[in-house]
Amino acid sequence: MTPTMKLLLAATVAATPLIAAGTAQAEGEKYILVSHAPDSDSWWNTIKNAIALASEQMGVEVEYRNPPTGDLADMARIIEQAAASGPDGIITTLSDFDVLSGPVRSAVDSGVDVIIMNSGTPEQAREVGALMYVGQPEYDAGLAAGERAKGDGVDSFLCVNHYISSPASTERCQGFADGLGVELGEQMIDSGQDPAEIKNRVQAYLSANPDTDAVLTLGPTSADPTLLALDETGMAGDIYFGTFDLGANIVQGIKDGVIEWGIDQQPFLQAYLPVVVLTNYHRYGVLPGNNINSGPGFVTAEGLEMVEKFAGEYR
């Protein structure tokens, strides 16, 4: 072995323990994900699965918190409590800027790094001082869906809004109306979140407005009861039906030809990526130079194999 090779080997052996020790010291970060979802909304199970996997892979602790009933004032308090507990970072939705921006700004001002996910906008994330936004611009997704439906001949629709207190939900309906080139007006209903009530209200609207061309739902909470409503009235497969988000029943509806498409915002990425980004930021000081759009993407009957396999789990 030459003297030069001996020096290189010695340098490598000496450096290796330092690198390992530095990584070990950095591990153990704690992050808290705060969502606006009530306990009853099963769509968020994918979010929980994503942070569980990210936690395991990155060697960090990630805790999920939410207001049990979906009350946004309660969510604001949860964000304040999360910040006060001194985590390394908070990942949170921004479903109502007016209600939630104050607590988020306070968290940032206290030295907690924040990433906005799922709801809100890149502009709002920047305004509250968050590092970035990971999600689907809701109005843009609704607009793309409306333009697609217009190309398929749709002129009128019913938007079944199961979370009308969240401005992001209304943005989906408004975007769809604008994509069609029609007024939203009374074509959006407040369906509530009770499955039986959603089914009844959809049936009542379609009975009172028999010329409605299409139905748009905003996720499994409203899509699943709407599937039942259409089945009971004999309209399943005859009325144009599009939905946001995915779930086992939605995937089956697409497969059966009852649902035209599901808008996939990839919730797995919305929760998984912020954990990865924050961990690498805190360990190595690296940060993506832009926000991350996780959607929209349209899932149709073609190419359903992977989606069907992981629907409600990772998709």
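1. Val160 stands opposite Thr217 in β8. Strand β6 (residues 157-161) pairs with β8 in the parallel sense, over four bridges; pairing requires at least two DSSP bridges between two strands. On β8, a further parallel pairing over four bridges is made with strand β9 (residues 240-244), where Tyr240 is the bridge partner of Ala214.

2. On the basis of the note: this is a predicted model, in which local features need pLDDT of at least 70 and side-chain atom pairs count only at pLDDT 80 or more, while totals for chains, interfaces and linings use all residues. Residues are numbered from 1 along each chain as its sequence is written, and side-chain values use heavy atoms, with hydrogens and water left out.

3. The chain has 12 helices and 12 strands; these are DSSP runs numbered from the N terminus, with at least four residues (H or I) for a helix and at least two (E) for a strand. Along the principal axes, the C-alpha atoms fill a box of roughly 85 × 45 × 30 Å. Of the 315 residues, 50% count as buried (under 20% relative accessible area, with exposed over 50% and partly exposed in between, for a 1.4 Å probe and protein chains only). Among contacts (heavy atoms within 4.5 Å) with a separation of 6 or more, 72% join residues 24 or more positions apart.

4. Six strands form an open sheet in the order β2-β1-β3-β4-β5-β11, with parallel pairing. Its edges are β2 (61-65) and β11 (292-293), each of which pairs on one side only. Helix α11 (residues 267-284) packs on this sheet and touches β1, β2, β3, β4 (113-118), β5 (132-135) and β11. The direction of α11 makes about 165° with that of β4; such angles run from 0 to 180 degrees between N-to-C directions, and axes are lines fitted to C-alpha atoms, for helices over the stretch in contact.

5. Within the sheet, β1 (residues 30-34) and β3 (residues 89-92) pair in the parallel sense over four bridges. Tyr31 has Gly89 of β3 as its bridge partner, and Leu33 stands opposite Ile91. On β3, a parallel pairing with β4 also runs over four bridges, with Gly89 opposite Asp113. Gly89 and Ile91 point one way from β3 and Ile90 and Thr92 the other way; all are buried. Strand β8 (residues 214-217) is likewise covered on both faces, with Ala214 and Leu216 buried on one side and Val215 and Thr217 on the other.

6. The largest nonpolar core has 25 residues, of which Leu33 and Ile47 touch the most other members. A core here is a set of buried Ala, Val, Leu, Ile, Met, Phe, Trp, Tyr and Cys residues joined through side-chain atoms within 4.5 Å. Two or more residues come from each of β1, α2 (45-58), β2, β4, β5 and α11, and the largest share, seven residues, belongs to α11. Leaving aside neighbours within four places in sequence, Leu33 is in contact with Ile47, Ile51, Glu63, Tyr64, Arg65, Ile91, Met117 and Ala271. A second, separate core of 24 residues includes Ile198, Val215, Leu230 and Val258.

7. Helices α6 (residues 138-151) and α7 (residues 167-180) have axes that come within 6 Å and cross at roughly 35°. The crossing is right-handed, that is, the near helix is turned clockwise from the far one by less than a right angle. Residues of α6 in the contact include Gly142, Leu143 and Gly146, and those of α7 include Gln174, Gly175 and Phe176. By class, this contact has seven nonpolar, five polar and six charged residues; Ala, Val, Leu, Ile, Met, Phe, Trp, Tyr, Cys and Pro count as nonpolar, Asp, Glu, Lys and Arg as charged, and the others, Gly among them, as polar.

8. Two loop serines deserve a look. Ser95 lies in the loop between β3 and α4 (97-109), and counts as buried because its relative accessible area is 2%. Not counting residues up to four places away in sequence, Ser95 touches His36, Leu72, Met75, Leu100, Ser119, Ser166, Pro167 and Ala168.

9. Ser191 is placed in the loop between β7 (188-190) and α8 (195-208). Ser191 counts as buried because its relative accessibility is 0%. With residues up to four places away in sequence not counted, Ser191 touches Val160, Asn161, His162, Glu197, Ile198 and Arg201.
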